[in-house]
Amino acid sequence: MEDPIQLKEEGNKYFQASDYEKALQSYTQAIKLNKDKALQAVLYRNRAACFLKKEEYAKAASDASRAIDINASDIKALYRRSQALEKLGKLDQAFKDAQKCATLEPRNKNFQETLRRLGANIQEKLRIQFSTDLRVQKMFEILLDENSDKEKREKAANNLIVLGREEAGAERIFQNNGVNLLLQLIETKNPELILAAVRTLSGMCTGHKARATAILHYLGIDSICMWMSVDNEEISLAVCNLLQTITDCLLGQGKEEHHGKEEALVLDTKKDLKMITMRLLDMLVSKKVSGQGRDRALNLLNKNIPRKDLKDLDNSRSIFVIDNGLKKILKVVGQIPEMPDCLPLTENTQLTASVLLSKLYDDLRCDPERDNYRLICEDYIKSKIDPQDMDKTLHAVQIVSGVLQGPFDLGNKLLGMKGVMEMMVALCGSEREIDQLVAVEALIHASTKLSRATFIITNGVTLLKEIYKKTKNEKIKIRALVGLCKLGSAGGTDYGLRQFAEGSTEKLAKQCRKWLCNTSIDTRTRKWAVEGLSYLTLDADVKDDFVEDEPALKAMFDLAKASDKTILYSVASALVNCTNSYDTKELVPELVQLAKFSKQHVPEEHPKDKKDFVVKRVKRLLKAGVVSALACMVKADSAILTDQSKELIARVFLALCEDPKDRGTIVAQGGGKALIPLALEGTDVGKIKASHALAKIAAISNPDIAFPGERVYEVVRPLVSLLNTERDGLQNYEALLGLTNFSGRSDKLRLKIVKEKALPDIENYMFENHDQLRQAATECMCNLVVNKEVQERFVADGNDRLKLVVLLCGEDDEKVQVAAAGALAMLTAAQKKLCSKMTQVTTQWLEILQRLCLHDNMEIQHRGLVIAFNLISSDKELAKKLVESELLEILTYVGKQEDHPKKQHIINVARDCLTKCMDYELIKPLSQA
């Protein structure tokens with residue numbers, strides 16, 4: 001249909017029938033085709049009416065404005081805009097439109113009433129604003145008065161934070177010189193007041209670009225960075241959150257709202273973002289900045305500089321940081337804590353800097369960009385190499401060591417620079433402890449990949465063994481041992497590729513466990529013991545001994561919960577090895593034979609890597625408290641918790657959830673809560689593993705206990721992500737079980753499942769050949785049909801949803817029949833239209849219904865009789881059709897049975913069917929017959 005007038009008429013009919021979606025489509029199509037100005041105004045105001053009904057008020061106001069632009073005295077458009085603006089909270093603008101309407105039609109009572117109501121609302125709003133202004137003033141007076149009661153001050157501070165989070169409250173604080181007063185609170189040097197002021201500012205900036213920009217300029221980025229540099233963890237973190245909120249607004253992320261003309265006030269955000277980035281880079285090399293402040297700056301750079309999505313082609317932020325700050329990051333990486341001129345650092349600073357180096361390198365798009373990155377690194381390292389100055393040279397080796405922990409391929413290239421390996425070898429032979437420490441650590445980081453490690457195995461093992469035997473210093477001894485562990489594990493899980501003699505790895509592991517349990521050694525050194533075990537546990541003998549050693553496990557878990565987050569990857573790696581949750585390639589027997597015949601190496605599985613040994617190890621770990629350690633690791637708000645570390649943790653969780661009996665323990669120790677962020681962020685593999693673990697928990701747990709409060713709604717998306725043909729059958733099945741469990745809890749959860757677009761996927765699995773998948777999908781649908789929106793989809797024309805459910809009622813699989821008959825019973829009870837539709841979707845409907853009503857399984861029989869009752873109740877003609885069929889005999893047979901406690905509910909439904917037929921006078925009682 002190409003005629004705008006006809007389309008308008010069609011839209012009007014849909015509107016009168018309350019089908020606002022179709023009315024919208026008709027008006028929109030007419031607007032596109034129409035050339036007549038007067039008709040255009042009518043179409044826009046009609047579409048505005050649709051948007052009002054759909055509660056899309058911003059769109060309604062926009063369309064009404066377009067109609068008014070064409071005809072300024074269009075009274076219907078003015079009134080509709082007034083209604084929309086009132087709903088949007090813009091009462092003064094709504095009042096103006098209502099005033100115009102009343103001027104055009106003074107006798108219209110509706111307009112007069114609207115004016116009265118809006119006038120009263122505006123007065124009330126002004127009264128509240130006035131009282132809010134007074135409250136804000138009072139709060140600042142209490143906070144800035146040094147003689148105020150401590151309890152009063154705390155209450156005022158908390159109230160101010162709450163007010164700052166509300167749009168109206170934030171605007172009042174902002175308009176009433178609040179930013180200046182908050183600055184005064186920060187200058188009091190009182191930690192509690194500083195925290196309250198910073199948190200209030202964060203609330204005021206959230207989702208408001210104009211206000212965030214104004215606050216940034218008023219406070220000044222230098223002041224914000226100075227506050228973030230203080231040696232107070234709470235204040236430093238709060239200021240970091242404030243700067244992140246401002247950055248989110250400038251990048252257009254977060255809950256951005258549209259604020260009309262205020263947008264015009266926003267300055268060039270790119271300029272502000274560059275200014276913030278430059279100050280953060282300056283913080284990295286400033287001696288005035290605390291270790292925590294440096295960590296915060298690194299975390300902000302990690303979070304905001306590299307692209308979130310590699311499909312986005314703009315990596316200009318990373319290029320800017322590489323050109324202006326790569327040397328500053330390398331300076332942090334090259335710091336040696338034991339040296340007197342070292343910058344203030346925490347135990348996490350240098351690894352966070354290595355992670356940033358890695359993220360920047362991964363964000364580059366082409367070889368010239370990567371070459372530029374490498375050349376900057378090479379020039380910086382060359383500037384540090386000085387044979388006359390050993391301390392300077394030491395920094396150069398430390399930088400290479402740091403890069404090896406970041407972009408490993410680049411680190412390998414830097415190792416190949418002239419003189420670097422020679423320096424490392426020379427430093428190993430030095431008498432100074434610090435020289436040996438740095439050199440041994442660099443050797444460890446260099447020997448990561450099997451192919452690369454072969455060079456170091458020939459030279460490095462001799463060096464490390466020499467150091468291990470000669471040194472009396474425990475710190476160096478441990479590091480040399482870890483180097484040997486790493487080289488010893490170069491064969492991975494392959495039993496036939498052991499680098500060292502039989503029993504050597506067990507001896508190394510025993511020594512590592514001994515150091516790990518020795519609390520008199522400093523944490524940084526004990527951490528290396530865990531690093532060693534993360535390599536050695538690839539050997540099945542080692543992992544078996546390790547899980548039997550409960551003190552060693554508990555010592556590792558305690559380290560994982562500490563503030564030093566550099567240990568996360570090592571702990572996660574060791575646990576992945578102990579639970580065998582790494583990927584293994586299946587060996588094809590024919591290829592194994594062929595490889596043996598051609599004398600090629602065939603990977604061998606260790607006898608202790610068989611399933612029953614793995615199960616025992618998982619039980620041991622659970623008993624030692626692995627879940628609380630993992631939950632603590634997930635909470636780390638640091639760039640050190642990389643996507644790779646998250647994937648390892650997700651793998652461990654999935655292995656722990658394997659036995660249904662253990663899932664209650666995992667939930668009780670916080671495992672359910674910890675899995676949600678792992679399922680939403682990280683590598684694709686990590687998200688799938690975490691989602692699968694969530695599905696295992698959701699399938700058999702009470703959602704109210706496993707995921708209390710609003711958390712349960714966050715679990716729906718990970719479960720829906722498993723309903724994918726790329727996932728395996730077990731993942732599909734357990735996700736369906738979890739969704740079935742959820743959809744049986746509340747209508748809000750059912751609605752969430754529908755909104756996550758799970759319905760088409762669930763329907764696809766109802767067609768599956770696999771019995772269990774088909775059954776799980778049908779059971780899930782049985783729970784979902786209680787929801788009104790799902791029912792409407794069954795009522796809609798042009799789909800086979802109802803036909804599928806009717807046909808599934810005729811399946812041989814009893815469990816599928818129970819679920820399908822339950823769904824059909826609920827659908828026919830809720831929607832009368834579906835009763836008549838059921839008789840049209842397939843010719844087999846009556847035969848299927850009769851089979852249900854005669855079924856041996858009482859649950860199926862009951863559901864079949866309920867469907868029959870719904871059909872009879874819906875329409876007399878349909879009831880007549882059923883009475884004329886064999887169904888009457890079935891109903892009479894069931895209804896005449898003697899009362900029986902087990903079958904009473906079935907007999908009662910059959911009797912209700914017969915009573916309804918008598919009411920229609922389709923059958924007569926026996927006495928009248």
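Glu 756 is buried, with a relative accessible area of 16%; buried stands for under 20% relative accessible area, exposed for over 50%, and partly exposed for what lies in between (1.4 Å probe, protein chains only). Its side chain meets that of Lys 752 in a salt bridge of 3.0 Å, N to O. A salt bridge here is a side-chain nitrogen of Lys or Arg within 4 Å of a carboxyl oxygen of Asp or Glu. Lys 752 is partly exposed, at a relative accessible area of 25%.

This is a predicted model, in which local features need pLDDT of at least 70 and side-chain atom pairs count only at pLDDT 80 or more, while totals for chains, interfaces and linings use all residues. Residues are numbered from 1 along each chain as its sequence is written, and side-chain values use heavy atoms, with hydrogens and water left out.

**Salt bridges**

Side chains of opposite charge can pair when their charged atoms come close. The structure holds 47 salt bridges. One of them joins the side chains of Asp 363 and Arg 307 (2.7 Å, N to O). Asp 363 lies in the loop between α18 (349-362) and α19 (367-384) and Arg 307 in the loop between α16 and α17, so the pair ties together parts that are 56 residues apart in sequence. Helices are DSSP runs of H or I with at least four residues, strands are runs of E with at least two, and both are numbered from the N terminus. Both Asp 363 and Arg 307 are buried.

Glu 338 and Arg 524 form a salt bridge through their side chains (3.0 Å, N to O). Glu 338 is in the loop between α17 and α18 and Arg 524 in helix α27 (residues 523-536), so this pair ties together parts that are 186 residues apart in sequence. Glu 338 is partly exposed, with a relative accessible area of 38%. Arg 524 also counts as partly exposed, at 28% relative accessibility.

Salt bridges also link Glu 21, Lys 54, Glu 56 and Lys 59 in a network.

**A patch of positive charge**

Lys 303, Lys 308, Arg 317 and Lys 359 gather in a patch of positive charge on the surface. Such patches are made of residues with over 30% relative accessible area and no salt bridge, with like charges joined within 9 Å and nonpolar side chains (Val, Leu, Ile, Met, Phe, Trp, Tyr) within 5 Å. Lys 308 is found in the loop between α16 (291-304) and α17 (316-333). Lys 308 is exposed, with a relative accessible area of 59%.

**Aromatic pairs**

The whole structure has four aromatic pairs. Rings of Phe, Tyr and Trp (its six-membered ring) pair if their centres lie within 6.5 Å; planes under 30 degrees apart count as stacked, over 60 as edge-to-face and the rest as tilted. Two of the pairs are tabulated here.

| Pair | Centre to centre | Angle of planes | Class |
|---|---|---|---|
| Tyr 79 and Phe 111 | 5.2 Å | 50 degrees | tilted |
| Phe 707 and Phe 742 | 6.2 Å | 75 degrees | edge-to-face |

Tyr 79 in helix α5 (residues 75-87) and Phe 111 in helix α7 (residues 109-144) are 32 residues apart, and their pair links distant parts of the chain. Tyr 79 is buried, at a relative accessible area of 16%, and Phe 111 is buried at 7%.

The pair of Phe 707, in the loop between α38 (703-706) and α39 (711-721), and Phe 742, in helix α40 (residues 729-743), links distant parts of the chain, 35 residues apart. Phe 707 is buried, with a relative accessible area of 1%, and Phe 742 counts as buried at 0% relative accessibility.

Technical notes
Areas by Shrake-Rupley, 256 points an atom, 1.4 Å probe, with all protein chains shown as cover. Lys, Arg positive; Asp, Glu negative; His and termini not counted. Charge placed at Lys NZ, Arg CZ, Asp CG, Glu CD.
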